[in-house]
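Here is a short report on one chain. It moves from single residues to the overall layout.

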Amino acid sequence: MKKECEIVQDLLFGYQDGTLHKASEELVEKHLKECEECKKVFAEMIKDKEDKSKQKQEIDYLKNVKRKMSKKNKLIVIIGIFLFIIILFNIGIFAYYYHEAGKVEIYLDDDITEEQLDEIRNTILGIDNNAKFEYYSKEDALNQMKEKFKDNGDLLSGYGGENNPLNAYIVVDTSIENVRRIVNLEESLHGVKKIINVLDTNPYLFIFSKAMIEIQNN
Ligand SMILES: [Zn+2]
């Protein structure tokens, strides 16, 4: 290698960075025009630098994509957990609702006997041995009605004692699956006027009202 080539090649890095003195810069430029060998070395240096910066860009890009992906994955996992909790919550509500919300009212004939009342209870217990009964007499029914219409003052004031058009009734708490079966007993049970399904139709409201009753009782 010629002496001048050695000097110029030593200066090429500085030349590339633009940090050479004016005189050295002119020397390099002049030499590069004349020397194919040094021109080639310089061209390779430039190519190298470009490749490296390209590589860095690609790496940065990949890092960025990876970061975005992991953010996205986290979001998906969080949404997944959230949905899972909502689904569990709803399964719980509907299971509870299905088990607890069944309710029927059995309206009784005025001349029903104790034996017939027992028969009604036993028949229903045969369907659901966890069924709960609450008996309301004719008088209870009338009082409830008066309470309901108390704003309308004297609407029901003429009724009472012997003069009571309402029926005694039993409220049966059961599970929803048994409601239909109990309602279907209407024809076959003695002393029964009517059996009505008074199902709470909204599971959320049903559980809300149950919770409210619990809170009030505590
Ligand atoms: Zn040279």
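## Lys146 in helix H5

Lys146 lies in helix H5, which spans residues 138–148. Helices here are DSSP runs of H or I with at least four residues, strands are runs of E with at least two, and both are numbered from the N terminus. The model is predicted: local features need pLDDT of at least 70, side-chain atom pairs count only at pLDDT 80 or more, and totals for chains, interfaces and linings use all residues. Residue numbers start from 1 along each chain as its sequence is written.

Lys146 and Leu156 are ten residues apart in sequence. Their C-alpha atoms are 6.4 Å apart in space.

## Thr123 in helix H4

Thr123 sits in helix H4, residues 114–127. It has 13 other C-beta atoms within 10 Å, so Thr123 is partly exposed. Leaving out residues up to four places away in sequence, Thr123 touches Leu185 and Leu189. Contact means that the C-beta atoms of two residues, placed from the backbone, lie within 7 Å. Thr123 and Leu185 are 62 residues apart in sequence. From C-alpha to C-alpha, the two are 8.9 Å apart.

## Gln9 in helix H1

Gln9 belongs to helix H1, residues 3–17. Gln9 is partly exposed, because 19 other C-beta atoms lie within 10 Å. Which residues does Gln9 contact, leaving aside its neighbours within four places in sequence? They are Cys38 and Val41. Gln9 and Lys39 are 30 residues apart in sequence, and 9.6 Å separates their C-alpha atoms.

## Helices H3 and H7

Two packed helices are described by the angle between their axes and the distance between the axes. For helix H3 (residues 36–100) and helix H7 (residues 203–217), the axes come within 10 Å and cross at roughly 75°. Therefore H3 is roughly perpendicular to H7. On the H3 side, the contact is made by Ile93, Phe94, Tyr96 and Tyr97. On the H7 side, Pro203, Tyr204, Phe206 and Ile207 take part. By class, this contact has eight nonpolar, no polar and no charged residues.

Some terms need their rules. Axes are lines fitted to C-alpha atoms, for helices over the stretch in contact, and angles run from 0 to 180 degrees between N-to-C directions. Angles under 35 degrees count as roughly parallel, over 145 as roughly antiparallel, 65 to 115 as roughly perpendicular and the rest as oblique. Nonpolar covers Ala, Val, Leu, Ile, Met, Phe, Trp, Tyr, Cys and Pro; charged covers Asp, Glu, Lys and Arg; the others, Gly among them, are polar.

Phe94 is placed in helix H3. Phe94 counts as partly exposed because 14 C-beta neighbours lie inside 10 Å. Phe94 and Leu12 are 82 residues apart along the chain, and their C-alpha atoms are separated by 79 Å.

## The whole chain

The chain has seven helices and four strands. From the N terminus on, the order is α-α-α-β-α-β-α-β-α-β-α. The domain assignment gives domain 1 (3–62) and domain 2 (102–199). Such bounds come from an automatic or database domain assignment. The C-alpha centres of domain 1 and domain 2 lie 102 Å apart.

Along the principal axes, the C-alpha atoms fill a box of roughly 135 × 45 × 30 Å. Of the 218 residues, 10% count as buried. Among contacts between residues at least 6 apart in sequence, 74% join residues at least 24 apart.

How values were computed: A residue is buried if 20 or more other C-beta atoms lie within 10 Å of its own, exposed if 12 or fewer, and partly exposed in between; C-beta atoms are placed from the backbone.
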